Amino acid sequence: MDDKAFDCYRCKKSLYGQKYTEREDNPYCVTCFESIFANKCEGCKNPIECDSKDLSYKDSHWHEACFKCVKCTCSLVEKPFAAKDELLLCIDCYSTEYSAKCFSCKATIMPGSRKIEYKGCNWHETCFVCQGCQQPIGSKSFVPKHSSLYCVDCYEKDFAQHCAACKKAITKDGISFEEQPFHRDCFLCTGCKKKLAGEKFTSQDDMPYCMDCFGNLFAQKCSACAQPITGQGGGQYISFEDCQWHSDCFACSKCNLSLIGQKFLSQQSQVFCTECGQDM
């Protein structure tokens, strides 16, 4: 290397007998190198000299002696730490200031440890347990009751109603009939086994029936159309002696004139208006 090549690339001062460093194969004196390339320390705000250790974290740099917890000033070199608003804190200070507290034991949930969050509160994983069996719930299903939590097995054993049909616990979508609980899918017509949840139904001898089955099995039959009189469609019907009619069916058997509110004559299960009855 000739004399010119061994001058500082920037200030051109000779580097013979001087400390220097290289950048992209070009030599620099210490002063020029630090003014151009040295990172600024986040702690003391001075450049980090080329013969000093440069500690970095997320595009920020520190002298080794400046790499400290901003609260207790203990060194963070080769120690675990956490960042808050671009400030570095040791784990103890971070935990005291910012870490969540366990809803159960009230102790700090240390950074990096697993925690459970539910309704704005936090638990250690080992503290998030069933109030019944005291076993950790983890990722399993659970049921809240008042201020306590229960695994599904404990809740069903201690609190849930049991379906009168299938005898299994009812945890949602229950129906009550004759003071007995049912799952919605278990509440069926006694006759045809159709689901009755959300449908019109009635009962006979404390047993539920859909309207079709009730009409076919128990309702009086209309003397005119022979269909069941179930009380549907306004619930109006006509009864005379041992016969019944839908209100729409109570008409003269000969001329079909409605007899509601009119005088009529009867012959067995048939009824006639007075005019038609005179011709009989």
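The second largest pocket holds about 260 Å³ of space. A pocket is an open set of points on a 1 Å grid over the protein atoms alone, where a 1.4 Å probe fits, with protein on both sides within 12 Å along at least five of seven lines. Its volume is the space filled by probe spheres set on the points. The model is predicted, local features need pLDDT of at least 70, and side-chain atom pairs count only at pLDDT 80 or more, while linings use all residues. Numbering runs from 1 along each chain, and side-chain values use heavy atoms, without hydrogens or water.

Thirteen residues line the second largest pocket (an atom within 4 Å of a point). Closest to its centre are Glu42, Ser60, Trp62, Glu86 and Leu87. Strand 4 (60-63) and strand 6 (87-90) each supply at least two lining residues; strands are DSSP runs of E, at least two residues, and helices are runs of H or I, at least four.

The largest pocket has a volume of about 310 Å³. Of its 15 lining residues, Phe103, Trp123, Ser147, Ser148 and Leu149 are closest to the centre. Strand 8 (121-124) and strand 10 (148-151) each give at least two residues to this lining.
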